Number of protein chains: 2
Amino acid sequence: MGAGETSPGGRRFRLDIAYDGTRFTGWSRQPDQRTVQGELEAALASIFTSTPPAPTLAVAGRTDAGVHAVGQVAHLDLTRAQVAKLARPRRGKRPPGHVEPSTAEALARRVNGILGPSSDVVVHACAEAPEGFDARFSAEWRSYEYRIADALALRDPLQRHRTLWLPGTLDDRAMDTAAIGLLGLHDFAAYCKPRAGGTTIRTLQEFRWTRDADGVLIGRIRADAFCHSMVRAVAGGCVAVGEGKLEPGRLEELLAIRARTNDFVVLPAKGLTLMRVGYPPDGQLQARALLTRAKREPDGLAGAV
Amino acid sequence: MGAGETSPGGRRFRLDIAYDGTRFTGWSRQPDQRTVQGELEAALASIFTSTPPAPTLAVAGRTDAGVHAVGQVAHLDLTRAQVAKLARPRRGKRPPGHVEPSTAEALARRVNGILGPSSDVVVHACAEAPEGFDARFSAEWRSYEYRIADALALRDPLQRHRTLWLPGTLDDRAMDTAAIGLLGLHDFAAYCKPRAGGTTIRTLQEFRWTRDADGVLIGRIRADAFCHSMVRAVAGGCVAVGEGKLEPGRLEELLAIRARTNDFVVLPAKGLTLMRVGYPPDGQLQARALLTRAKREPDGLAGAV
């Protein structure tokens, strides 16, 4: 089916998803690997065994192995028979005052039920998608956070799976200055793992470094979309600045080179979390999707980090 | 050595410690088990191999298997030879502007260095202890948090190792009312795993249930000390109230029974974190330690949860 189209009588649903990326080989389904998409699609397949085809997921941010998410967004299309199956009340006694969940709520509950208690991936919300909604192509922006505990920060063992611990002290003001220099529309080839046929031109809308109450450095970054490994590369550039190895202005200069250099290292995935995906108002979803498709290659890089 | 005494020329140090309890069989050293005390004392033993005896730790809150800590406090006594060993600058070139760390800082750095990067136990601070300080017996109070995500809460997979996920919706106001009913000086035998010769009389100074920004229920509790499994028992009582199985006033009534009942279940360790230990002003440390020892049995229950 094409963009925004579902089968006759079918409906599209939006899923809001959170995961601890530690034990996943990233979002995208891969043979013989445990992936977020793979786990969720397996749950969906088991719900709809008797009403094929098994639904597939389209996602806003195709996160790499080890990257976490608190606000990932995906969509799936269900056929008329699949919607009917969800709407049918399940067997068993109802307690007094019981209200049947909506179709969307029923879907989220059943997926979470299959994933099990204390799962490392959870569906936080499920809703029928507005007209023209495409989780990937309708998205206006993605935001991420990168967490670093240097020698000045309190290193909380309870957060160690999502925080990079670095020895030494980082100059947070220099890092913030360097980050601001990257804002705007640029070719980020110096900060991207190149992919054949993919553009590396992106608009960096926000990028700041601050310390939280524990002194942990939080890099907040937002762009229309990110090329592959781009967040971890620009964060790595900032760390090189924070360590005094690069001048803050150097990160902006590297943009002109348009190729990867050895000035900095790409940071590990564990410190990175996809925070939110932004969409335009409902009436502009379809137009936004068409615009995004026109700007990027058919199987493009939107949101891959 | 007795309370507050160190060997001639020796010194006592206070350690502030945080850990993720998931992979530990609790605080207290046990043969063939991975414990927090065991890991820390092994690190200390390796630092002082050439200057025995290996230091041992006395702790404020002897947490159970699976319980976490952000503000645990322990002390250890070093001999004159051990202090001298720490004060001696280590071999190797110093960068310009290098300032030698204090003895206490050097101890924390070396322990953390042995524990390794991204360890599940970290020494947050080390300082020479004030006169009369005893991590366990000088403590005036311990505070804990219990985290529960019910059906109303956003279940964050990144926090799942320190949050109990419960199905259904808990009545947080009823839980808070029940908690308040337990405040004050009581015999908490109805909420304690009994230990021979141990008193179960405690003063509950604070106990409230609130929801955080994600709707996660946070039980904040503070007492002079806790009996074994007491926090998880009173939290379990509150959950039974929140589920509508018990009236809020029932928890207070249970105190009069002075024995364990089947009205509620003791909650799992994973939701529990030791937050802080409170000490009196420096001048009152010794007096407080004497008072605590007089009130409790020699090898008592202070702080075991």
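**The loop at A:Ser118**

Modeller: A:Ser118 is found in the loop that runs between helix H3 (103–115) and strand S4 of chain A. Keep in mind that this is a predicted model. The backbone of A:Ser118 has a phi near 60°, which is a positive value in a residue other than glycine. Most residues other than glycine have a negative phi, and most peptide bonds are trans.

Take the helix side of the loop next. The axis of H3(A) comes within 9 Å of the axis of helix H2 of chain A (residues 80–87), and the two cross at roughly 80°. H2(A) is therefore roughly perpendicular to H3(A). Which residues meet at this crossing? From H2(A) there are A:Val83, A:Leu86 and A:Ala87, and from H3(A) there are A:Thr103, A:Ala106 and A:Leu107. Sorted by class, the contact of H2(A) with H3(A) has five nonpolar residues, one polar residue and no charged ones.

The contact between the chains takes 20 residues from chain A and 20 residues from chain B. On the side of chain A that touches chain B, strands S1 (11–19), S3 (68–78) and S4 (121–128) of chain A each supply at least two residues.

How are the two chains placed relative to each other? Two copies of a chain are related by a rotation about an axis and a shift along it. Here a rotation of 180°, with 0.0 Å of shift along its axis, superposes chain A on chain B, and the RMSD is 0.0 Å. The two copies are thus related as by a two-fold rotation axis. Of the residues of chain A, A:Gln159 comes closest to that axis, with its C-alpha at 4.1 Å. Both copies use the same surface, as 100% of the contact residues of chain A recur in chain B.

For another view of a helix H3, turn to chain B. Its H3 (residues 103–115) pairs with helix H1 of chain B (residues 36–47): their axes come within 9 Å and cross at roughly 115°. H1(B) and H3(B) are therefore roughly perpendicular to each other. The crossing of H1(B) and H3(B) is right-handed. H1(B) brings B:Glu39, B:Leu40, B:Ala43, B:Leu44, B:Ser46 and B:Ile47, while H3(B) brings B:Arg110, B:Val111, B:Ile114 and B:Leu115. In this contact of H1(B) with H3(B), seven residues are nonpolar, one is polar and two are charged.

In chain B, the loop between H1 and strand S2 (58–59) holds B:Pro53, and the bond joining B:Pro52 and B:Pro53 is a cis peptide bond with omega about 5°. In chain A, A:Pro53 lies in the loop between helix H1 (36–47) and strand S2 (58–59). The peptide bond from A:Pro52 to A:Pro53 is cis, with omega near 5°.

Helix H4 (residues 172–180) and helix H5 (residues 230–242) of chain B have axes that come within 8 Å and cross at roughly 140°. That angle makes H4(B) oblique to H5(B). Their crossing is right-handed. B:Asp172, B:Ala174, B:Met175, B:Ala178 and B:Ala179 in H4(B) meet B:Gly237, B:Cys238, B:Val241 and B:Gly242 in H5(B). By class, the contact of H4(B) with H5(B) counts six nonpolar residues, two polar and one charged.

Last comes the question of confidence. The average pLDDT of chain A is 92, and 95% of its residues score at least 70. Where in chain A does pLDDT stay under 50? That stretch is residues 298–302, for which the model has 11 contacts beyond four places in sequence. Where pLDDT is low, the predicted coordinates should not be read in detail. The model scores ipTM 0.88 and pTM 0.90.

Technical notes:
Residues numbered from 1 in each chain as written. Chains lettered and ligands numbered in written order. Predicted model: local features only at pLDDT ≥ 70, side-chain atom pairs only at ≥ 80, totals over all residues. Contact = placed C-beta atoms within 7 Å. Helix = DSSP H or I, 4+ residues; strand = E, 2+ residues; numbered from the N terminus. Axes fitted to C-alpha atoms, helices over the stretch in contact; angles between N-to-C directions. Parallel < 35°, antiparallel > 145°, perpendicular 65-115°, else oblique. Left-handed = near helix turned anticlockwise from the far one by under 90°. Nonpolar A, V, L, I, M, F, W, Y, C, P; charged D, E, K, R; others polar. pLDDT = per-residue confidence, 0-100. Least-squares fit on C-alpha atoms with pLDDT ≥ 70 in both.
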